[in-house]
Amino acid sequence: MRSRSARPLFAALLVLFLTAGCDGGKGGGEDGAATPAPRPASALGPQRGGTVVIGWTAAPTGVNELITQATAITTELVRQLFPQLLQEQPDFEEHPPTFRPLLARSYEWSPDRKTLTFHLREDAVWSDGVPVTADDVRFTWQAETHPDVAWDSAYMKEHITDVEVVNPKTVRFHFAKVYAKQLEDVNEGGILPSHVWGKLPFPQWRGNADWFREHLVVSGPFNVSSWDPQQQVVLVRNPRYFEKDLPHLDKVVIRNVADPASLITQLFSGEVDFVPQVQPSEMKSIQEDPRLRLIPYWFRLYVCVIWNERNPLFADADVRRALTLGIDRQTIVDTLFPGDIARVAVSPIVQSVWAFDRSLGPLPYDPRESRRILESKGWKDSNGDGILDKNGKPFSFVLLSNAGNQQRNDASVMIQEQLKQVGIRAEPRVVEFNSLVNDATGGTFDAMVFGFTMDTSMDLTAQFGSDSVEEGNFGAYKNPEIDRLMVEAMAKPQAQDAKPIFDRIQQILHRDQPVTLLWESQRLSAINRRVHDARPNVLFSLYNLEDWWVDADR
Amino acid sequence: MIRFILRRLAASLLLLYLVLTATFFLLHLAPGSPATVILEDQRISAEQRENLRRVYGLDRPLPVQYARWLSAVARGDWGTSFSQQRPVKRVVLDAVPATMILAVAALLVEQAAGLVFGIVAARRPGSAADHAIRVVSLLLFSQPGFWLGLMAILLFSLAWPILPAGHMYSVGVDEMGSGARLLDLLRHLILPAVVLGLAEAGSVVRYVRSSLLDVLGQEYIRAARAKGISERRVVWVHALRNALPPLIQVMAISLISLLSGALVMEVVFSWPGIGRLTFDAILSRDYPLVLAATAFSAVMVLAANLMADVLHALADPRVRDE
């Protein structure tokens with residue numbers, strides 16, 4: 001059974017490796033539509049027990065997310081150990097995300113919305129039996145904001161002035177001002193054990209990641225059983241978890257497989273049950289393997305070309321618009337992504353989010369109009385070399401993308417070819433990621449293919465705010481109206497009240513084209529069919545790990 | 001001899017210092033910094049970025065950073081890993097055993113294969129076996145390590161699943177006894193050690209063949225044959241004994257290429273050694289960790305060179321006199 005299914009896969013992977021970088025062409029359609037499951041899920045429903053092996057290309061950096069590098073797997077792991085007060089729900093397509101009670105059983109706002117009171121669960125205890133209290137919540141906030149702890153998400157707590165312990169199970173957050181993201185900011189970060197971790201003074205936290213692992217008590221569904229650096233972290237069920245029937249699994253092993261090709265091989269060989277992200281080129285092989293299931297979901301990432309407005313070539317909004325009209329984004333999407341797993345991006349607020357302005361559509365591919373606009377701006381091919389020029393200077397620039405991202409590298413080459421038809425010379429150049437970031441933050445580039453991830457706050461200030469040139473507004477786009485509207489939107493106590501403002505912001509960006517939006521795509525997770533009820537989503541790949549279960553016969 | 005060793009040791013220490021100094025400045029001159037890697041979130045304010053630079057000690061002028069780092073290293077303090085927030089010394093020491101196990105196993109494979117195939121080729125120069133060995137060893141030598149590794153995984157873990165595709169131990173190693181644990185380790189070691197060893201064995205084959213051919217043409221070998229000693233004894237006892245000494249130096253030097261090859265193999269086979277550690281540390285601009293890992297590799301290379309020099313000097317007194 002195994003060797004029969006492995007043979008075509010072997011051939012497929014052989015071709016993949018021999019033609020590294022080439023796309024496999026059109027793949028299948030929706031997940032599982034054409035492939036019957038080898039056996040139905042157990043009719044008995046969730047079974048208790050069993051082990052699931054999760055493969056990840058990076059290793060977790062530690063159990064204390066405030067001091068270690070915030071890699072995706074570290075955040076995922078820490079969420080299993082230290083639950084937040086509330087759990088953000090992936091229901092943001094039609095409205096701002098809702099929050100489900102987790103460590104807190106309820107919360108209420110003061111009439112002026114400057115204080116927020118949480119009531120903690122009575123049955124929440126640490127794994128050593130000590131109750132989770134309001135002291136833990138206050139301690140966590142103190143750690144998060146301490147300058148020597150230097151948590152990289154501390155900016156999310158900057159408007160919280162105090163965390164008051166009302167009684168052991170009631171805690172109150174005080175805010176300096178009212179704004180849209182208050183709940184998100186409060187909820188960021190898991191609650192830490194003050195009775196254990198409070199024994200190490202904050203200035204000594206950095207450099208002592210081992211200490212936290214050696215003094216680990218948790219309140220989440222899993223605890224750490226063993227930790228082999230660069231190999232695996234083994235999680236076991238926490239018997240004191242407040243949801244008494246959860247988790248279903250006895251053990252979860254997070255295996256670190258640094259090489260993506262090796263990771264996918266281990267998925268096919270059955271050594272790994274779940275891979276959070278697979279490449280579109282692997283989609284077909286996974287769909288053809290009856291033991292595996294593909295889980296696609298829209299991700300909040302958009303890829304674009306950033307035009308550096310410090311360069312006079314890109315300072316004019318009409319020219320940027322002409323550049324967008326000269327790039328055939330639909331062809332790029334169709335070529336790079338098999339099936340329907342990507343679409344042309346329209347706005348920096350992606351289409352799967354409630355705040356997206358649905359009246360907007362992508363600018364058409366119209367090279368003739370593009371050429372007309374450029375000629376109206378004085379660009380002519382005066383020497384007949386096929387490249388437009390003005391005042392003796394050709395319309396020529398370098399288009400950067402980062403090494404290791406084949407899709408973006410390929411897109412750059414396609415853009416080069418398309419813009420050539422308009423009379424523009426784009427020279428694609430692939431650089432190492434750190435080098436790309438260095439050029440981005442320093443403003444030393446012409447144009448670059450870059451990806452941005454959005455959170456549910458819809459705050460676009462970092463990417464398009466006039467004061468964010470070193471932070472995320474790499475193209476140095478400046479528009480006072482955008483600045484004013486962003487402040488206005490973020491000041492709304494209820495995010496949905498800001499929808500008309502978000503619409504206006506998107507319309508201005510659509511007009512000004514500070515970036516040419518290329519695509520937004522689905523993330524593809526792959527899982528062995530013996531694992532049930534896994535629901536990875538845009539928030540977390542291990543979002544509902546406590547609900548996962550495996551067939552009893554394994 | 002002792003003076004010779006001391007002189008070589010002093011030269012090695014100077015070289016180590018130069019390697020580390022060059023690495024320190026090259027790392028800092030390379031685009032990007034821990035701050036750009038750690039602070040990928042564009043919403044982090046400039047003030048907070050500055051605070052993190054202070055915490056990491058990156059806010060000081062480069063010469064000051066260098067002087068502080070050097071004086072700490074002189075006291076045996078290699079600093080704290082930026083990415084893992086653990087003492088660098090502990091992070092590196094955690095990874096050293098895995099690399100040593102892989103390198104030694106690969107060395108055994110390399111030398112065994114090099115010796116056997118080198119002898120077979122030398123015994124019948126120009127034969128079909130000689131040509132076949134030359135072609136295969138050249139092929140193995142010229143293929144990129146990662147490609148050989150992936151092909152081995154596809155063959156022996158997927159198409160014909162008899163060996164694990166990676167890692168040092170199985171998932172349930174915690175529940176194994178020491179005997180089963182050792183067997184599990186050996187099972188996981190086979191693929192990376194064989195691939196790494198065979199990839200490097202090509203050059204050993206060529207050295208053994210050429211050295212043995214030289215010896216087999218000597219007068220005393222002809223005399224031994226004339227005495228009626230069996231061909232097997234002539235080759236394995238008389239010829240090989242004299243052909244091997246120059247190869248000991250080759251073996252010491254090949255340890256260097258095995259260490260660099262291990263970097264790639266460790267990534268492909270998820271082997272938790274220094275190579276992978278260095279790879280990850282470079283990507284995350286974890287300066288203290290990169291420097292310590294470089295120091296480890298440099299010490300290994302210098303030790304191998306020193307060993308080769310000493311062995312060479314023992315075999316040839318003229319080298320000592322120079």
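Q: What makes up the contact between chain A and chain B?
A: In this predicted model, the contact takes 55 residues from chain A and 46 residues from chain B. Residues count as being in contact when their C-beta atoms, placed from the backbone, lie within 7 Å.

Q: Which elements of chain A give two or more residues to the side that touches chain B?
A: They are helices H1 (2-18), H6 (209-214), H7 (260-269), H13 (433-442) and H14 (461-464), together with strands E8 (222-228) and E10 (251-256), of chain A. H1(A) gives the most, with 9 residues. By class, the side of chain A that touches chain B has 22 nonpolar, 21 polar and 12 charged residues.

Q: Why is Arg121(A) called buried?
A: A residue needs 20 or more other C-beta atoms within 10 Å of its own to be called buried. Arg121(A) has 20 C-beta neighbours inside 10 Å, and therefore counts as buried. Arg121(A) is placed in the loop between strand E5 (115-120) and helix H3 (134-145) of chain A. Leaving aside neighbours within four places in sequence, Arg121(A) is in contact with Leu103(A), Arg105(A) and Phe242(A).

Q: What separates Arg121(A) from His215(A), in sequence and in space?
A: The two residues are 94 residues apart in sequence, and 24 Å apart from C-alpha to C-alpha.

Q: Why is Gln230(A) called buried?
A: The cut-off is 20 or more other C-beta atoms within 10 Å. Gln230(A) has 21 such atoms, so Gln230(A) is buried.

Q: What kind of peptide bond joins Leu246(A) and Pro247(A)?
A: The bond is cis, with omega at about -5 degrees. Pro247(A) is found in the loop between strand E9 (232-237) and E10 of chain A.

Q: Which residues have the most contacts inside the largest nonpolar core?
A: They are Cys304(A) and Met448(A), and the core has 218 residues. Not counting residues up to four places away in sequence, Met448(A) touches Ile306(A), Leu399(A), Leu400(A), Ser401(A), Leu436(A) and Ala440(A).

Q: How are H15(A) and H16(A) oriented to each other, roughly parallel or roughly antiparallel?
A: The axes of helix H15 (residues 480-490) and helix H16 (residues 499-512) of chain A cross at roughly 160 degrees and come within 9 Å. An angle over 145 degrees counts as roughly antiparallel, and therefore H15(A) is roughly antiparallel to H16(A). Their crossing is left-handed. Among the residues that make the contact are Ile482(A) and Leu485(A) of H15(A) and Ile501(A) and Ile505(A) of H16(A). By class, the contact of H15(A) with H16(A) has 8 nonpolar, no polar and 3 charged residues.

Q: What kinds of element does chain B have, and how many of each?
A: Chain B has 14 helices and 0 strands. Along its principal axes, the C-alpha trace of chain B spans about 85 × 55 × 40 Å. Of the 322 residues in chain B, 38% are buried.

Q: What share of the contacts in chain B between residues at least 6 apart in sequence joins residues at least 24 apart?
A: The share is 72%.

Q: Why is H7(B) called oblique to H8(B)?
A: Helix H7 (residues 145-159) and helix H8 (residues 178-216) of chain B pack at an angle of about 135 degrees, with their axes 10 Å apart. Roughly antiparallel would require an angle over 145 degrees, and roughly perpendicular one of 65 to 115; so H7(B) is oblique to H8(B). Their crossing is right-handed. Residues of H7(B), including Leu148(B), Ala152(B) and Phe156(B), meet Leu191(B), Val195(B) and Ala199(B) in H8(B). The contact of H7(B) with H8(B) has 7 nonpolar, 2 polar and no charged residues.

Q: What is the hand of the crossing of H5(B) and H8(B)?
A: The crossing of H5(B) and H8(B) is right-handed. Helix H5 (residues 88-123) of chain B packs with H8(B) at an angle of about 35 degrees, their axes being 5 Å apart. By class, this contact has 24 nonpolar, 4 polar and 3 charged residues.

Q: Why is His167(B) called buried?
A: Against the cut-off of 20 other C-beta atoms within 10 Å, His167(B) has 24, and so His167(B) is buried. His167(B) is placed in the loop between H7 and H8 of chain B. Its phi is near 75 degrees, a positive value in a residue other than glycine.

Note on methods
Residues are numbered from 1 along each chain as its sequence is written. Chains are lettered from A and ligands numbered from 1 in the order in which they are written. This is a predicted model: local features need pLDDT of at least 70, side-chain atom pairs count only at pLDDT 80 or more; totals for chains, interfaces and linings use all residues. Two residues are in contact if their C-beta atoms, placed from the backbone, lie within 7 Å. Helices (H or I, at least four residues) and strands (E, at least two) are DSSP runs, numbered from the N terminus. Ala, Val, Leu, Ile, Met, Phe, Trp, Tyr, Cys and Pro count as nonpolar, Asp, Glu, Lys and Arg as charged, and the others, Gly among them, as polar. A nonpolar core is a set of buried Ala, Val, Leu, Ile, Met, Phe, Trp, Tyr and Cys residues joined through C-beta atoms within 7 Å. A residue is buried if 20 or more other C-beta atoms lie within 10 Å of its own, exposed if 12 or fewer, and partly exposed in between; C-beta atoms are placed from the backbone. Axes are lines fitted to C-alpha atoms, for helices over the stretch in contact, and angles run from 0 to 180 degrees between N-to-C directions. Angles under 35 degrees count as roughly parallel, over 145 as roughly antiparallel, 65 to 115 as roughly perpendicular and the rest as oblique. A crossing is left-handed if the near helix is turned anticlockwise from the far one by less than a right angle, and right-handed if clockwise.
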